[in-house]
Structures are given as C-alpha cells and as structure tokens.
Amino acid sequence: MEIKVVPLAKEELKPKYESEENLGFGQIFTDRMLVSHYHEGWSDPIIQKYEPLVLDPAAICLQYGQSIFEGQKAYLSRSGSINLFRPNKNVERFKASAARMVMPSIDDNIYFEGLKELLRLEKDWIPSSIGSSLYIRPTMLGIDGRLGVQPSKKFLFYIILSPSGSFFPEGFKPVKIYVSDFWIRAAPGGTGFAKTGGNYGASLLVGEEATKKGCDQVLWLDAIHKKYVEEVGAMNIFFIIDDVIYTAPLQSGTILAGVTRESLIYMAKDLGYKVNEEALSIERIINCIKNKTLTECFGSGTAASIAPVGALTYKTEEYVIDNFEIGPISQTLYDKLIGIQYGLISDPYNWIVTIN
Ligand code: COI
C-alpha cells in the first residue's frame, strides 16, 4: 500500500485556533483528510486537503443511512509524542458496525498507517492542555446513487480530525440527565451496538426534550419494558451503589460497546472495586438515590471521557445525586484514565500506542 500525500500550498492552510480555551467539541477541522474508495477492493489512501464531498443526491448513505463512524482521540503527551488510546478497539468496532450495515471491512493498513501518517502531518493542530485533544472521526459511507433499498457496492472511507476541548462546555463537572420513559434508542435485533448515524439521528428529538428540561443528555431505558437503564446519548453509564460499580451488560446488542467503558471496568477491577455488569431498573436507581445508597453516577465515552452525573430527571422529579458533587471513585478513575492517555503516569495495561 502506498499513501499518496497531495501537497498543500501555503494559501490553502487554515489559520490555527487562537486559544485552546474555547475550542468546543467538533467545531473546527484540520487542513487535511485521508480518503480511500472501495469498489471490489480498497484503493490506496490519499491524504489531501480537507474539503466538501461530492456525492450523488441519490447516494445510499444520504437516502437510507448506510453510514458508520468511529470516535477516537490523539493526545499530545508530555514528552511531545502523539498518543492513541487502544486504537485497535476502534478498528474492531468499526468492522463490527460495517458488518451490521452490509459494508466492507476496512483494510487495517489503510486505517492504521493512514491515520498515523495523517496525524504526523497534522501534529501542530493537537491541543496540549489536559482535557483537550485531537478528536478523530473515521467514517464510511455507501455512495451508490440509486433509490432501490439495497446495499451500495461502492464506498467512501475517510478520516477527519477536529481539535477539541471538553465535550460538555462545563468540563469535568457534574451534568444533568433526562430519563426518557417513552422514546427508545435501540431494540434487540436492531442497530444499537453499531456506530451508525441513524442511532444518533433518532436521538435528536428526545435530546431537544432534555434541553427544554434543563438537562444535558438523555438516559435511555430498554425498549421492551422501558424499565432497565441502558446508556446515555453519547456515553455508557455507571452507577455506584453500596460501593459496587454497576453498568448495563452488552448481551442485548442494544448498547454501544464503549472503549472507555471497557477500560474503566478493567481499571476499576484492578483498583480492587467490585464491578457488576447488570441490568438495573430505573425504580431501583431512584430508590437508591433517595435512600443515599447510590453515591455516584458517571457517563463514559471517548468524546466525553468521564462525565460525572449530578442529577437525574425522571417523570416530573429531579433527583440530585450526592449533592451534585464529584464522587471519589469517579475522580480516581478520571485521574487514572486521563493520566494514562496524556502520558502523565505509567501505562500498566499497554493501552497507549505512540506515534513519533
Ligand atoms: C464518541 O464518544 O466518540 C462518540 O462517538 C460520541 C458522539 C456521537 C459524539
């Protein structure tokens, strides 16, 4: 495989952001993107100028949502190297999403070697402050232009990069979550485990409802009983009850297998905490908040990292968790995760892949 790099003229380079403080999430993009086409096989990747795509208006991805994506981050380590966090997990999930959406498996070299080369070229865009990073968005689209509801035969794979700050404007501070007991995100047999655009599109309406109620994200209950807690809009969710850490199990296929989720479970067990992957009912959670045995709650995701949850709004009531403070277990896991990702502490699990 050869990676072709299209040189950019000086005038084509964008001005860099002025300050890392107000980057927001996913709002600005670097100068270059990586592109590869598929038709009976993947073409050698090209690193070219970041620019709009030209798509047939009848493209299957636009008409019927045959599209998948990943979310990763590149961190600038204290030693100046580029750190990726468990990137093989993202490729693995990208392939699982592709299989569910009848899309071809990405070539590992295109994904890994292409990403590494793109990051080397765009290194100056990586913010250095803790909490900021270069968010990586690998994407695949079915691009055949026809209106029959059939899988595309041609695909476009690309990677774009966005210098980003904290996912939530407040940073590492408790957020408020709205529990949806009517709308659902995913049912068994559906696409819940895949990172496909439609899962997120379907969440927008309830997201608006949550915003109106003063909440930051939606907590989804299971589709069948509307009883068991599954995940939050852009995150998996954890609860700490009587010093045991709980998160929803993955077996139903309705929950995204978060890389951060898996890493936190591993780290928490290694730190000596008991972790139960168990379906918890919303009634139990509310009761445990009321009787104060539920002491902490946090969301986890690549974009969000760890987001402490300070309150749940369920039906008409707001239930505040632990005085809207950051609990000790959330803080310990956050410090360890961030420490590993930014190279502030040693990486006992060999999770970091360094690019020089
Ligand atoms: C991520 O955490 O990387 C995600 O993909 C969530 C999101 C849709 C922003």
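Modeller: Happy to! Phe-85 is buried, with a relative accessible area of 9%, in what is a predicted model. That 9% counts as buried because the cut-off is under 20% relative accessible area. The residue belongs to strand E6, which covers residues 82–85. Setting aside residues up to four places away in sequence, Phe-85 touches Lys-73, Tyr-75, Asn-90, Val-259, Ser-263, Leu-337, Ile-340, Gln-341, Trp-351 and Ile-352. Take Ile-340 from that list: 255 residues separate Ile-340 from Phe-85 in sequence, yet their C-alpha atoms are 8.7 Å apart in space.

Now to another buried spot, Thr-313, with a relative accessible area of 8%. Thr-313 sits in strand E16, residues 305–314. Leaving out neighbours within four places in sequence, Thr-313 contacts Ile-177, Tyr-178, Val-179, Cys-215 and Glu-318.

Cys-215 leads us to the cysteines. Cys-215 is buried, at 6% relative accessibility. The closest cysteine sulfur to that of Cys-215 belongs to Cys-297 and is 12 Å away, so the two are too far apart for a bond. A disulfide would need the sulfur atoms within 2.5 Å. Cys-61 also counts as buried, at 10% relative accessibility. By the 2.5 Å rule, the count of disulfides comes to zero.

Terms used. Residues are numbered from 1 along each chain as its sequence is written. This is a predicted model: local features need pLDDT of at least 70, side-chain atom pairs count only at pLDDT 80 or more; totals for chains, interfaces and linings use all residues. Side-chain values use heavy atoms; hydrogens and water are left out. Helices (H or I, at least four residues) and strands (E, at least two) are DSSP runs, numbered from the N terminus. Buried means under 20% relative accessible area, exposed over 50%, partly exposed in between (1.4 Å probe, protein chains only). Contact means heavy atoms within 4.5 Å.
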